[in-house]
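Here is a short tour of a chain for someone who likes to check geometry against cut-offs. Please keep the viewer open as you read.

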Amino acid sequence: MKIHNAFRVGLVGGLGVLVALLIGASVANLATILTYVGAAIFLALGIDPAVSWLQRHKVSRPIAILIVLIGVLAVVAGLVLAIIPVIVEQVNNLIESIPDIVTTVQDTQVIQDWWAQTLPWLAFDDVVANVEDFFTKNIGAITGGVLNTAIGIATGAFGVLIVLILTLYFVASLASIKRGLYQLVPASKRERFIDLAEQISKSVGRFVIGQALLGLSNGVLTFIFLSVLGLILGTPIQYSALLAFIAFLFSLVPLVGTISGSVIITLAVWLFNDVPAVIVVGIWYLVYMQVEAYVLSPNIMNRAVKIPGAVVVVAALAGGTLLGILGALIAIPVAASILLIVKQVIVPRQNEL
C-alpha cells in the first residue's frame, strides 16, 4: 500500500511538473501578445478618465469615446506625418547625390589627393584593401543585419497598430469588462474589491494623463523654442517638428526619458545645424530638465500617484529591466497599486492580529 501511494504521489508530482513546464512554455510563446494586451489595457485605463470627464460634462459615453479616440488617432497621424517627410527627403537627397558619389569614386586620384592632404600618416592603398577585405568577409552578416533591422521596424509598426486596435476595443468595453471581473469575486468581498479596483484604475489613469502632460509640455516647448531659435539665428532649425515629437515621445518614459530625448535632439541639431545652435539647445535642455524635475513633475505627478521617490526609482529600474520601455511605463502605477493594497488590506489585517 505504501509503495502504491508513493507511486501515485510521484506520478501526480511528475504530471504537475509537466503541466507547469507546459504553462511556462505557453506564456513564453505568448509573451509578445501578452505585452500587447497589457499595453492596451494600460492605455485604455489612461484614456478612460478623459472619457469620464466628457461624460460629466453631459456628453454621452459613445460620443465621448469617439472624441477621445479621434484625439489619440490625430496624435499618431501627426507623428507619422512628421516622420515620413524626413525619410522621403533623406532618400531623395541620397538618390540625387548618387551620380556625384559614383563620379568621385571613379576618379580615384581625387580621393588619393584628399587622403594625402588629410591623413598623410595612413597609407591609402592599405585602407582600401582592408575595407574591401572586411566587406568581402562580412557581406552575409551585413546583409542579414540590414534585413533584421527592416524586419524589426516592420514588427514594431505592426505591434503599434495591434496595440492601437486593442486599445480602441478596451476603451469601448471597459465598463463591461470591469462588471464581468467584479462578478467573479465572492459577494461578501465584492464591495471592498470594487473600491480597491476603482482606486487602482483611477491611479493608473491619472498617471498616464500626468505623464502625457509632461510629454506634451516638453514637445510643445521644444517646438516653440526651436522655432524661435531659428528666427533669432536667421536659419531655421532642421526638422523642428520631428524633434518636438521625439521630445514628446521620450518624455513619456519615466526618469530617463527626458534626458535620453534631450541627448538625441542635441545630436540631431549638431548634425544638421551650426555650432551656436547646438550650444544653445544644450543649455536649453539643461535648464528645462531642472524645471521639469523640480516644478512640473512634482506638481503634476504628485496628484496622480503618491509614492516615495525611492520606490519610483526602484520600480522604474525593475520594470525597465523586465519589460523594457513598457515595463518602465507601467512600473510606477503598479508600485502605487501595491502600496495601496498594502495600506488598505495588509496593514489593517496585521493590526487586527
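Arg192 and Asp195 sit 3 residues apart in helix α7, so about one helical turn separates them. An α-helix has 3.6 residues a turn, so residues three or four places apart point the same way. The two side chains form a salt bridge whose closest N and O atoms are 3.3 Å apart; the term stands for a side-chain nitrogen of Lys or Arg within 4 Å of a carboxyl oxygen of Asp or Glu.

A word on the source: this is a predicted model, in which local features need pLDDT of at least 70 and side-chain atom pairs count only at pLDDT 80 or more, while totals for chains, interfaces and linings use all residues. Residues are numbered from 1 along each chain as its sequence is written, and side-chain values use heavy atoms, with hydrogens and water left out.

How many salt bridges does the rule give? The count is 2. Glu198 and Lys178 also meet in one, at 3.7 Å from N to O. Glu198 belongs to helix α7 and Lys178 to helix α6 (residues 174-183), so this pair ties together parts that are 20 residues apart in sequence. The table lists the relative accessible areas of these residues; buried means under 20%, exposed over 50%, and partly exposed in between (1.4 Å probe, protein chains only).

| Residue | Relative accessible area | Class |
|---|---|---|
| Arg192 | 39% | partly exposed |
| Asp195 | 35% | partly exposed |
| Glu198 | 25% | partly exposed |
| Lys178 | 18% | buried |

Let's stay with helix α7. Helices are DSSP runs of H or I with at least four residues, strands are runs of E with at least two, and both are numbered from the N terminus. Just after α7, Gly234 has a positive phi of about 85 degrees.

Leu213, in helix α7, is partly exposed at 43%. Leu213 is one of the residues in a nonpolar surface patch of about 840 Å², together with others including Ile209, Phe223 and Leu233.

Now for a backbone detail. Most residues other than glycine have a negative phi. Lys58 is not a glycine, yet has a positive phi of about 65 degrees. Lys58 lies in the loop between α2 (31-56) and α3 (61-106) and is exposed, at 82% relative accessible area.

What does Thr167 touch beyond its neighbours within four places in sequence? Contact means heavy atoms within 4.5 Å, and the partners are Ala40, Leu43, Ala44 and Ile47. Thr167 is in helix α5 (residues 124-172) and is buried, at 4% relative accessibility. Val75 in helix α3 is partly exposed at 41%. Val75 touches Phe245 and Phe248, leaving out residues up to four places away in sequence. The C-alpha atoms of Val75 and Phe245 are 9.6 Å apart, although 170 residues separate the two along the chain.

Finally, the whole chain. There are 11 helices and 0 strands, and 27% of the 353 residues count as buried. Among contacts between residues at least 6 apart in sequence, 67% join residues at least 24 apart.

Conventions:
Patch = residues over 30% accessible without salt bridge, like charges linked within 9 Å, V, L, I, M, F, W, Y side chains within 5 Å. Areas by Shrake-Rupley, 256 points an atom, 1.4 Å probe, with all protein chains shown as cover.
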